[in-house]
Amino acid sequence: MRLTALLREIEGSSGSLTAVELAVRLGTTPAAVSAMLAALRAAGRLGPDGSREPGSDECASAGSCGVACTGPDRCPFVVNLGPMLEVRPR
Amino acid sequence: MTPIVAISGCPNSGKTTLFNHLTGAQREVGNWPGQTVERSAGSFSLGGDEFKVVDLPGTYGLVAVSAEESIATGFLSEERPAAVVTVVDATNLHPGLHLVAQIAEAGLRQVVALNMSDVAERRGIDVDRAAMEEALGVRVVRTVARRGDGVDRVRRAVAETVASDPEVRPLVIDYGPVVERHLGGLVETAIAAPQVGRLGPPRWVMLQLLAGDEQTARAVASVDGGEAVLAEVRRAAAAIAAEVGCDVEVALAERRFDWVAAQVERITGPAPSGPTLSDRFDRVLTHRLLGLPVFAAVMWIVLRVTADVTAPYLDWVDGTISGPVSRWAVNLLDAVGLSGGWVEGLVVDGVLAGVGAVLVFVPVLFGLYLMLALLEDSGYMARAAAVMDRAMRAVGIPGKAFLPMMVGFGCTVPAIYATRTLDSPRDRLLTGLLTPFMSCGARLPVYVLLSGVFFAGHRSTVVFAMYLLGIVVAVLIGLVLSRTMLRDDDPMPFVMVLPEFRLPNARTVWSLVRQRTRAFVKGAGTTILVASVAVWFLLAIPIGGEGFADTDVEDSAFGGISKVFAPALEPLGFGEWEQSGALLSGFVAKEVVVSTIAQLYGANGGAGPAASPDGVAGDLREIGTSFVDATADTLRAIPGVIGLDLIDLSDDTSSGLQSEIRTAFEEGSGGHGAAAGLAFMVFVLLYTPCMAAVAAFRHEFGARWTLVSVFGQLAVAWVGAAVAFQIGKLVGLG
C-alpha cells in the first residue's frame, strides 16, 4: 500500500513537497517516489495544479508590454519551474 | 478506408517531434472540435498503403484530469484507431509504461517508440528492447525523434501492426483477489448489457468506471442499460474500498504500479538503491535551513555578473549611440534639409536620447537573462521556488505564491497572470498584490544608472539590495494582509516535481536569452519610443510665450505637470520637477524613467554629438575598437565575481549625463545626493510597475482591487523612500 501511504503524506501536508522530502518521510529513494507519483498521475488521483484551461484567456495587455504575449503561459518571461501535482478530488 | 494511427505519449516525451518526422510536410493544423487545443493531423505512405496520423495531446493515462487528456482518451476510446504509436521516454520509463499498460488493457493495437534512446545510453540506462517487446507484447522501436532516427522503422512497425489480426487480446493485469472477484461480476453485467459491451473490451470499460473516468461513465450512462451498470459499479467500488481499506482507484493504481515496476526491472535491471548525485544536491539546495542562504548567494552572483561583468558593454553601447549613431542621424537630417529645426530636436533629444538611453542597458538585461536561463535550464530555479515557497508559507503567505513571484523577476505582467496557478481567490489576490514588489527587469536600468552615479564601486551590492528589499517588502506586506484583510485559508498541498539537475543546454539557454532580450528591445522600439516622443513634445510645448521647441524645459508643459507633483516628493530627497517628471513617465513603463532622465538632464547639459574627423569609416573603426576594448574589459571583470578585481568599475561616473544627475540630486536634497539617489531607487522598486501591469491586474482582479493595488504601492513606495532617505542621511551618505 505504498501509493496509499504516499497519498496520505501529500494530503496531510500544507504547501509544497518535493520527491526528496517525501522519500525521507516514506523511507525510500526519490526515484521510487517519482515512480509512485507517475502511477498516481496515470490513475488520475494526482493532476496538474491550478484551474487553468489551455488557451482559456487572452493576455489583456498583449502588445502593450512590449512582449509578444499571446496568452498567460506563452510569454517569454514565464519561468519553467517544472510540473506541480495536487491531489484530485474523488 | 485509410487506417488511422494515433500518436500518444506523456507530455515532453518527444511525441510531436516524432509526428512531424512521420508525416513530413503533409499535415494540417486546426483545433479539436469545441476546444482551443491544437489538433495536428497528417499522413504517410508505405508500400503503396496510406496511413492517416493524428497527434494526440500529451497524456499520462486514460483517466483524464485535464482538457488535453480528455481529448486524448476520448479519441482513443471512441475512434479506436487502427494502431497507436505510444512514445515512451527511454530515460524515464515509469510514466510511459503506465500509459502503454492502459492502452494495452483497452485492447488497442500498439507500437512503442522508445524515444531519447541516445540520452538513455549516455546516462548508462541499458534498455533491453527485446525484453521490453516480450514483457509488453507489442513492437518496440528505438527512436531519437530529434534527429529523425528510427522513423522508418516506426512506419514499418505500424504497417505490420495494422496488417495483423484486428482481434487483439487486451493486456490483463492481476488486480488482486478482492478487485478481481468484483471485477468478474461487473464484466458479466457488462456483457449482459450489449450496448455497454460495444464501448470497448468489457473488462477495460469496467476498470475505467472503477477508476472514476468521467468520460466512460458518460458514455455508459447514454446507452440502454447503462444506468443499471453504473449503479452496480458504484456498489462494487464501495465494497472493494471497504475490503482493501483504500479508494478503489488507488487499489487499481497500486497493482498497476507493481506491474510497471516489475516490467521496468525486467527491461533495465534492478533500480539503484541509493540516492543519485542530483538527489544529494537537492538535500542541500532545498534544505530547510541551508536552502535560503544558498539562494541568496546564487542571486548575489547573478546580480554581480549582471551589473559588473556587463558594464564595459554598457559603456560601448552608450558611446555608440551618443557618438556615431547620433552623428549619422544629424548628417542624414542635414542631407534632407531638416537640420537645426525642431525635427532634429525630436530625433536627437527625443528618440535617440530616450530610446538610446534604454538600449544602453541591453547588455545588462542580456547578462541577467543569461544567468537566469542558466539557472532555469540547470534545474536550480525550481529548487529556489521550493525553498522560497516554504519560507513564505512559514510567515502566512500562501504556498505557490513564490511561483508568480519568480516570474516577476522577469516581468510583472505574466507574473500577475501566473497567479492563476493558485487555488483560492484569496490566495490569488494576495499574491497578485505582492507580485509587483518583485523587481522586474525593466527596473534594472534605473538601478544600474543611479548606482553607477552614486555607488560606482558597489554597484552590484546596491542592485542586489534592491532585489532583496523587494522580497522583504513583499513578505512584510503579505504578513500584514494575511492577518487583516485577507485571512489565511488552509493551504492546499501539492508536489513539485523537480527536474533532474543537468548541465544547461546551450541551445535552450540561447533560445531563452534571445526571446527575452528581443522582448526588451521590442519594448524600446514601441512603448518607450512612443513615451520618449510624447515626453519630447510635452517638453517642446511652452506654457509661457516662447515658441514650440524653443522653450526652456522648466517652462514646458512637461515641466508644468511635473511641478504639480514635485512637492509631494520633497521629503524623500528628490523633489525637483525633473525627478517627479521621470517618475510620472515611469507609469508607462519603468525603462521610461531612464529615457526621461536622459532627455531632461541631456537637454540641460548635453552638448550634442561631437563631429568625427574621419567620417563614417572613422565611426565604424571607433565602434569596432571600442567593442574590442569592452570585450577585453568584460573578460577582466569576470574574476571580480569571486572578489579578484582586475578592472576598476568605479571610474565611469564621468559622463555628462551622470554629472548632471549627481548635481541635480545633490541640489535637490540639501547635499545628500547619494541618500536621495538611494531613496529614488527604492521608490522605483516599490511604486506601480507599468500600465501593462495595471491592465493585467484589472483583468484578473477587477477595478476596485486595482485602485487598492495602485494607491497601496504608491503609499508603500513613499514610506519606503522616506525611510531610505532618512537612514541614508543618518549614516552620512553624501
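In chain B, 73% of the contacts with a separation of 6 or more join residues 24 or more positions apart, a contact being two residues whose C-beta atoms, placed from the backbone, lie within 7 Å. The model is a predicted one, in which local features need pLDDT of at least 70 and side-chain atom pairs count only at pLDDT 80 or more, while totals for chains, interfaces and linings use all residues. Residues are numbered from 1 along each chain as its sequence is written, and chains are lettered from A and ligands numbered from 1 in the order in which they are written.

The C-alpha atoms of chain B occupy a box of roughly 95 × 60 × 50 Å along the principal axes. Of the 734 residues in chain B, 51% are buried, that is, have 20 or more other C-beta atoms within 10 Å of their own, with C-beta atoms placed from the backbone. Chain B contains 33 helices and eight strands, which are DSSP runs (H or I, at least four residues, for helices; E, at least two, for strands) numbered from the N terminus.

Chain B is divided into domain 1 (4-163), domain 2 (177-268) and domain 3 (295-730), with bounds from an automatic or database domain assignment. Between the C-alpha centres of domain 1 and domain 2 of chain B the distance is 25 Å, and 23 residues of domain 1 are in contact with 18 residues of domain 2. On the side of domain 1 that touches domain 2, α2 (67-79), α3 (93-105) and α5 (129-136) of chain B each supply at least two residues, the largest share, six residues, coming from α3(B).

Note on methods
A residue is buried if 20 or more other C-beta atoms lie within 10 Å of its own, exposed if 12 or fewer, and partly exposed in between; C-beta atoms are placed from the backbone.
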